[in-house]
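Have the viewer open and follow along.

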Amino acid sequence: MNSPSAAILGAPRSLMPRTLDGQITMEKTPSYFVTREAPRRIHAMSPDTKLIVVVRNPVTRAISDYAQTLSKTPGLPSFRALAFRHGLGPVDTAWSAVRIGLYAQHLDHWLRYFPLSHFLFVSGERLVSDPAGEVGRVQDFLGLKRVVTDKHFYFNATKGFPCLKKAQGGSRPRCLGKSKGRPHPRVPQALVRRLQEFYRPFNRRFYQMTGQDFGWG
């Protein structure tokens with residue numbers, strides 16, 4: 001269960017598989033939440049679209065983003081060089097790993113097209129600590145019977161994430177891919193604190209907008 005930025009339902013209908021009455025069409029593209037034209041296009045396709053946004057602590061998210069990019073680009077500059085201008089100057093919001101975590105700004109744009117009631121905000125942290133609880137909220141939001149429960153999950157200590165138990169008659173449990181759960185690079189606590197201070201007002205505004213306190217400070 002991943003939340004590199006956010007996951008949202010809705011995309012051009014012609015690109016989706018056909019569904020029958022009573023079925024739900026779902027599409028997940030994390031970049032939708034931060035793509036400027038996405039709200040208008042999705043609203044034009046279907047103003048009744050339900051939107052699920054998975055968010056996590058923006059500081060942890062930025063470090064995770066950096067770790068993923070670093071695994072593909074070994075010569076990448078340091079986290080400090082990318083996150084701060086002029087050494088330890090202002091936080092560089094031009095860097096996408098930082099900018100994506102400005103959830104309040106992105107949500108503000110979406111709320112020009114969709115009412116808050118069309119959104120479900122899922123905690124990336126609780127997806128790890130209580131996957132059944134968060135998935136239960138998703139099922140309720142979509143008007144589905146709670147079929148997926150805590151009996152379907154177990155915690156994989158090696159990956160540091162919950163995994164799905166194998167289905168009856170299935171071959172083996174299903175876990176996230178090898179790119180998930182990779183070790184994060186060590187970032188000095190001084191830099192982490194700077195980022196926490198930077199994000200704090202944005203986080204608080206996001207809590208006010210959503211009516212949820214995600215506990216990021």
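Is histidine 106 buried or exposed? Histidine 106 counts as buried, because its relative accessibility is 12% (buried means under 20% relative accessible area, exposed over 50%, and partly exposed in between, with a 1.4 Å probe and protein chains only).

Before going on, a word on what you're looking at. This is a predicted model, where local features need pLDDT of at least 70, side-chain atom pairs count only at pLDDT 80 or more, and totals for chains, interfaces and linings use all residues. Residues are numbered from 1 along each chain as its sequence is written, and side-chain values use heavy atoms, with hydrogens and water left out.

**The chain as a whole**

The protein chain has 8 helices and 4 strands (DSSP runs, H or I of at least four residues for helices and E of at least two for strands, numbered from the N terminus). Along the sequence they come in the order α-β-α-α-α-α-β-α-α-β-β-α. Of its 217 residues, 41% count as buried. Take the contacts (heavy atoms within 4.5 Å) between residues at least 6 apart in sequence: 60% of them join residues at least 24 apart.

**Helix H5 and its cover**

Histidine 106 lies in helix H5. Because 6 of the 8 residues of H5 (residues 103-110) are buried, this helix is largely enclosed by the rest of the structure. The buried ones are Tyr103, Ala104, His106, Leu107, His109 and Trp110. Their cover includes helices H1 (38-45), H2 (58-72), H4 (96-99) and H8 (189-210), along with strands S1 (51-55) and S2 (119-123).

Histidine 106 itself touches Phe33, Val34, Arg99 and Ile100, leaving aside neighbours within four places in sequence. Its side chain also reaches the backbone oxygen of arginine 99 at 3.0 Å.

Two packed helices are described by the angle between their axes and the distance between the axes. Here the axes are lines fitted to C-alpha atoms over the stretch in contact, and angles run from 0 to 180 degrees between N-to-C directions.

| Pair | Axes come within | Crossing angle |
|---|---|---|
| H5 and H8 | 8 Å | roughly 35 degrees |
| H2 and H8 | 9 Å | roughly 125 degrees |

On the H2 side you'll find Pro58, Val59 and Ile63, facing Val192, Leu195, Gln196, Tyr199 and Asn203 of H8.

For H5 with H8, the axes come within 8 Å, and the contact involves Tyr103, Ala104, Gln105, Leu107 and Asp108 of H5 with Phe202, Arg205, Phe206, Met209 and Thr210 of H8.

Tyrosine 66 is found in helix H2 and counts as buried at 6% relative accessibility. Not counting residues up to four places away in sequence, tyrosine 66 touches Leu76, Pro77, Ser78, Phe79, Leu82, Trp95 and Pro185. The C-alpha atoms of tyrosine 66 and proline 185 are separated by 8.4 Å, although the two are 119 residues apart along the chain.

Cysteine 163 sits in strand S4 (residues 161-164) and is buried, with a relative accessible area of 2%. Leaving aside neighbours within four places in sequence, cysteine 163 is in contact with His152, Phe153, Tyr154, Asn156, Arg174 and Cys175.

Conventions
A polar contact is a pair of N or O atoms within 3.5 Å; within protein, one must be able to donate a hydrogen and the other to accept it, and residues adjacent in sequence count only if both atoms are side-chain atoms.
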